[in-house]
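I open this notebook to record what I looked up in the model, beginning with the domains and ending with the backbone.

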Amino acid sequence: MATSIPGTDPARNPFDAFRAAVAIALNRSIPALPIDKAYEGVDIGKKGGDFSVAMPRYRLAGKKPDEWAAQVAADFVADDHLESVTQQGPFLYFNARTETLVKKVLTTIDDLTHRTESGLPEYGTNKSGQGKKLVIEYSSPNIAKQFHVGHLRSTIIGTFLANVYKANGWDVTSINYLGDWGKQFGLIAVGFEKYGSEEELERDAIKHLYDVYVKINKDAEADETVHDQARAHFKRMEEGDESALIHWRKWREESIAKYKEEYARLNVAFDIYSGESQVGKESQENAVKRMEELGIVSDSAGAKVVDLEKYKLGKAVVRKKDGTSIYLTRDIGAAIERYEKFKFDKMIYVVASQQDLHLAQFFKVLSLLEYPWASTLEHVNFGMVQGMSTRKGTAVFLDDIIREAGNTMLEQMKKNEEKYAAVENPEETSQEIGITGIKIQDMTAKRINNYTFSWSRMLSFEGDTGPYLQYAHVRLSSMERKNPNLVPLPEPASIPISTLTEPKAREIVYLLATYPDAVRTAQEKHEPSGIVLFAMRLSHAISSAWEVLPVKGEKDEEKARARMWLFLCARDVLGAAMRLLSIRPLERM
Ligand code: ARG
């Protein structure tokens, strides 16, 4: 059907064609209701039909919503897309013609998985963000401090969002803004003199620097002068004194190298490793100067303070007494520099909700400084996680978390001896499933919710867990291996889809069709939970389909082939959803 409803793309989103058909039916009956306006009111997935319309939302004059609905139902003529309509008061429920639905959905998936211009699977993606630039910052741990759950969540959610924006057609630049600057590096420098070891630094920079930091902090508790030394050292760093920077530079490089390995295991990457140390002095100074000109800065015991009381955001120091820079001011300078460099349409910060005030303060300062792009900054926050620990104690390093996930999963898998013996690569497989478990647990609930970290719950094969998803994907992936007589499948046009008549087949097809909408919603809401829910629903539908839609035992080869196509499409879409969640779908386990 040729439609030109703005924002729709039936070649990528099969539901768009059906919603257009509903809109056309509405407009045919009510010419005063334009097609594009009618289209906006078409919902999916409500009980009562495949597509629903609530007449009151159109605010049509002349008749009551019930009467309008009755009129549309009476005027309805079945066509290639829509088979029937039922009216309940002011509501209309339209049903798609099954054969058209099945054909459109599976052909679209097939085309966009195997026959795209880019050569990459594209089902679920759209072009709504074309020409738009996103800068997104996530993970951003502090060198020489704990990698805490807040950083883990930021890493997981941030990676997801970067993927989602790309899937919605945006040009995305991802930044890891390391906490690699500040007085604590003066403290570590003092500590390194005493406790540092080049060897240990080589072996594991992150852990070693943390050890040094912990030790020197203890010393400083007993001896105040350690802090003075630290401040003095950091001041030299700020002044660009090369002799004060030489160690620091090495620590930073070694830490980044180590982090890169760990991120790679998590299937996480960044376009840019930046950090607080990389923010230019000039941009910070200019910002403070402009704040002074605007009269929002005052002196307080030698420090400069910006007053945001008017906005219920308190007061905040923007420049310390000794002239050294500060977290808030570095963020202001960094944002200005990023705009200069990227001219982004939007910039997102994925940071725990503990920093809500900080983010609100620096966004506010930027808008007071009248940067027009300040309104495009968004803080994507998230709740806390309780109880993340490893057997060794509280997990403080990303490294430990990944290892623990792998080990715990391995033990879990060993419990089923028979299955375990068949696993080809137990170490790698268990680590991948373990990481999947962590990610799924993290993205299952709304991001703003707090949750309690539980190894046993997240690594169980039962319930809506990561291992369950991986298992569903593995089982789908084994179909081709188990049915060599049916593959390769012929061209979509030659597959006898009219044999896919079972309600279960239709249910799966309908679910598959909801994926492109889910990808859009995930971007609009900055919410991974909808994609997790989609993947779980699909996996459940599939696992209840094995018995009703057998492939191997099916004597009618045509029928078996059509089912095979359905399952392979389901595998591709499940895989796409998992990859969107930054999970590597397994083919075997
Ligand atoms: N490194 C900071 C921390 O661990 C998080 C940085 C968040 N991003 C930002 N632009 N302030 O607390």
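This is a predicted model: local features need pLDDT of at least 70, side-chain atom pairs count only at pLDDT 80 or more; totals for chains, interfaces and linings use all residues.

The contact between them draws on seven residues of domain 1 and six residues of domain 3.

**Entry: area between domain 1 and domain 3.** The size of an interface is often given as the accessible area lost when the parts come together, so I looked up that value next. About 590 Å² is buried between domain 1 and domain 3, and carbon and sulfur atoms give 53% of this area. On the domain 1 side, the residues that lose the most area to domain 3 are Pro14, Phe15 and Asp50, which together account for 65% of what that side buries.

Entry: For polar contacts, four residue pairs are found across the interface of domain 1 and domain 3, with both residues of a pair at pLDDT 80 or more. Helix 1 (residues 14-29) gives the most to the side of domain 1 that touches domain 3, namely three residues, and the residues of that side divide into four nonpolar, one polar and two charged.

Entry: I listed the residues around the ligand, among them Glu137, Ser140, Asn142, His151, Tyr177, Asp331, Gln355 and His358. The side chain of Glu137 has an N or O atom 2.7 Å from a nitrogen atom of the ligand. For His151, a polar side-chain atom lies 2.7 Å from an oxygen atom of the ligand, and for Gln355 the distance from a polar side-chain atom to a ligand oxygen is 2.8 Å.

**Entry: salt bridges in the whole structure.** I recorded that the structure holds 43 salt bridges. One that I examined joins the side chains of Glu198 and Lys250 at 3.2 Å, N to O. This pair links distant parts of the chain, 52 residues apart, with Glu198 in helix 7 (residues 198-203) and Lys250 in helix 10 (residues 242-265).

**Entry: backbone.** Most residues other than glycine have a negative phi, and most peptide bonds are trans. Against that background I noted Ser139, which is not a glycine and yet has a positive phi of about 75°; Ser139 lies in the loop between strand 5 (133-137) and helix 5 (149-167). I also noted that the peptide bond from Val487 to Pro488 is cis, with omega near -5°, and that Pro488 is found in the loop between helix 18 (466-482) and helix 19 (503-513).

Note on methods. Residues are numbered from 1 along each chain as its sequence is written. Side-chain values use heavy atoms; hydrogens and water are left out. Contact means heavy atoms within 4.5 Å. Buried area is the accessible area (1.4 Å probe) that two parts lose on being put together, summed over both. A polar contact is a pair of N or O atoms within 3.5 Å; within protein, one must be able to donate a hydrogen and the other to accept it, and residues adjacent in sequence count only if both atoms are side-chain atoms. Helices (H or I, at least four residues) and strands (E, at least two) are DSSP runs, numbered from the N terminus. Ala, Val, Leu, Ile, Met, Phe, Trp, Tyr, Cys and Pro count as nonpolar, Asp, Glu, Lys and Arg as charged, and the others, Gly among them, as polar. A residue is near a molecule or strand if one of its heavy atoms lies within 4 Å of it. A salt bridge is a side-chain nitrogen of Lys or Arg within 4 Å of a carboxyl oxygen of Asp or Glu.
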